[in-house]
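Please look over the sequence and the model below before reading on.

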Amino acid sequence: LNRSSDLEIGTDLLWGTTAAHTGTEADGSTAHNYAEGAAINPRTGNVPLIFRHVMSNVVVSLATSSDASAVDLTGAKITLTSLIKDGIFDIATGDITLGSTMADITASDETIMVPQTISDDTRLIITLTDGTTYSLQLNKCTDATDAAVTEWTSGNKYTYTITLKKEEIKFRALVNDWVAKT
C-alpha cells in the first residue's frame, strides 16, 4: 500500500479525512462524538468527509500607474527564485516532508506551489519585454496587517499585487551668472 504521494509544482492534491461529527453505531443504540480524522465504528449511514488542498496557490498580479511613470506590462515575465519544488505527502496523516530540490519558478496567473517557508534568498523578479528588471526579496512582502508573509501553508491562496513604475529621478538646478570671457 502506497502511503505517500510525490508533490510537485503545478499539481494540486486534495486530501480527505473524516469530519468532526456525532455518529450512531450500526445497531442504533450508541452515539459517539468523533474528532476530525478519527477512525469511525461500522455504520449503515453516511460517513462525513472533508477535503483540503495540499498545496499552496500563489498569484502574482502586476499593476502600474496611469501617468507618465507607467511601464508597459505586456509580456512581463515573473520569476520566483530559490524555492523548494518537491516533497512527499503522507496520505495517512496529511503531513508534508519537503524535498531538497531548489529551482527558479516562472509564475503564471495562478501557480500551485509546495507549501514552505520562504527564505531570505527567495526573490520575486519581474522582467519587462524591454529588458528592464525589477527584483524584491519575497519574504519582505507584507499583508493587509503589515505582517511579512514568510511562509506558504497548505490550502491557502497568496495574492501578491506588485505595482511597478518607472524609476523616479529628481533634478536640482543651480542658476549662476555666466562668466564672460574674451
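In which sense do β7 and β10 pair, and over how many bridges? They pair in the antiparallel sense, over five bridges, where two strands count as paired if DSSP finds at least two bridges between them.

## Basis of the report

This is a predicted model, in which local features need pLDDT of at least 70 and side-chain atom pairs count only at pLDDT 80 or more, while totals for chains, interfaces and linings use all residues. Residues are numbered from 1 along each chain as its sequence is written, and side-chain values use heavy atoms, with hydrogens and water left out.

## Strands and their pairing

The protein chain has 16 strands and zero helices; both are DSSP runs numbered from the N terminus, with helices being H or I of at least four residues and strands being E of at least two. Strands of a sheet pair through backbone hydrogen bonds, either parallel or antiparallel.

Four of the strands form an open sheet with antiparallel pairing, in the order β10-β7-β13-β14. Because β10 and β14 (133–137) stand at its edges, each with a single partner strand, one side of each is left without a neighbour in the sheet.

Strand β6 pairs with β16 in the parallel sense over eight bridges, and Thr64 stands opposite Leu164 in β16. With β11 (residues 111–113), β6 pairs in the antiparallel sense over three bridges, and Ser56 has Met113 as its bridge partner in β11.

## Nonpolar cores

A nonpolar core is a set of buried Ala, Val, Leu, Ile, Met, Phe, Trp, Tyr and Cys residues joined through side-chain atoms within 4.5 Å, and buried means under 20% relative accessible area, against over 50% for exposed and in between for partly exposed (1.4 Å probe, protein chains only). The largest core holds 22 residues, of which Leu80, Leu124, Leu138, Trp152 and Tyr160 touch the most other members. At least two residues of this core come from each of β6 (56–64), β7 (77–84), β10 (102–107), β13 (123–127) and β16 (157–164), and β16 gives the most, with four.

Apart from this core lies another, of seven residues, among them Leu7, Phe89, Ile112 and Val114.

## Overall dimensions

Buried residues make up 28% of the 182 residues in the protein chain. The C-alpha atoms fill a box of roughly 115 × 30 × 25 Å, taken along the principal axes.
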